[in-house]
Amino acid sequence: MSDQLYDLAPLSLLRQQSWLSPAFPTGSYSYSHGLEWAVEVAHINDRESLVDWLEADLRYGSGRNEGIFFSEAWRCAIDDDRTKLIEIAELAAAFRGTSEFALESSQQGAACLTTLRRVWPDRILDWLSEILCERHVQPAIAVVLGIRSARVGVSVSLALPAFLQSYIASLVAAGVRLIPLGQTDGQLAIADLEESVLAASAQAKKATIDDLGSAAFMVDLASMAHETQYTRLFRS
């Protein structure tokens, strides 16, 4: 296979890996996206049920929408369309079904934006931070990473599935702790979701904000129920 098919600078790839690594300080480990309640009531009790739940979220719920926001932000950054970019950023901040999902998105987005501006400065992220602050809007991590991936030269065909894989891997890690599962079962779950990640990425790559929406109602209901769950390890 020719290297010409993947014209990506090694430095760009290294940075992309850094931003999606569990070591990147977004605090994703403290959120379960409603999984904690689903495990509590036995909707999720093994690897197969975890995979089914996450696949539904990825293909029809929050994961699908995150992919669309990422893709739209990437395109805006490539075109330097700042008017549409701020529209996307504001919509992404508001497009949350529950208060815990809003917290999960805003805190991870803010941490991501702060770290990127400090370690890998970029003028568009500086501008975005200023505008969002003026308008009292919280950043969404999909928008922030979509912009920065475009700015570093990673194609959306590579950046988007990598982002959604990171999204899923974080939730699998939560499932490993909650059910609990062994580490090998966790990796098997990630492997089982590879085709769904690729399918969701292909769909989101062609989608626009007009395609936003969710049919994964149980994910939203799980998040609502988690707000009053008596014993909790996670913040969502």
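**Aromatic contacts in close-up**

F70 is buried, at a relative accessible area of 0%, where buried means under 20% relative accessible area, computed with a 1.4 Å probe on protein chains only. The model is a predicted one, in which local features need pLDDT of at least 70 and side-chain atom pairs count only at pLDDT 80 or more, while totals for chains, interfaces and linings use all residues. Residues are numbered from 1 along each chain as its sequence is written, and side-chain values use heavy atoms, with hydrogens and water left out.

**View A. The aromatic pair of W19 and W120.** Rings of Phe, Tyr and Trp (its six-membered ring) pair if their centres lie within 6.5 Å, with planes under 30 degrees apart counted as stacked, over 60 as edge-to-face and the rest as tilted; by this rule there are four aromatic pairs. One of them joins W19 and W120 edge-to-face, at 5.7 Å centre to centre and 80 degrees between the planes. W19 lies in helix α1 (residues 10-20) and W120 in the loop between α6 (99-119) and α7 (123-134), so the pair ties together parts 101 residues apart in sequence; helices are DSSP runs of H or I, at least four residues, numbered from the N terminus. W19 is buried at 3% relative accessible area, and W120 is buried at 18%.

**View B. The aromatic pair of F70 and F163.** These two rings are stacked, at 4.9 Å centre to centre with 20 degrees between the planes. F70 belongs to helix α4 (residues 62-79) and F163 to helix α9 (residues 156-178), 93 residues apart, and the pair links these distant parts of the chain. F163 counts as buried, at 5% relative accessibility.

Conventions
Helices (H or I, at least four residues) and strands (E, at least two) are DSSP runs, numbered from the N terminus. Buried means under 20% relative accessible area, exposed over 50%, partly exposed in between (1.4 Å probe, protein chains only).
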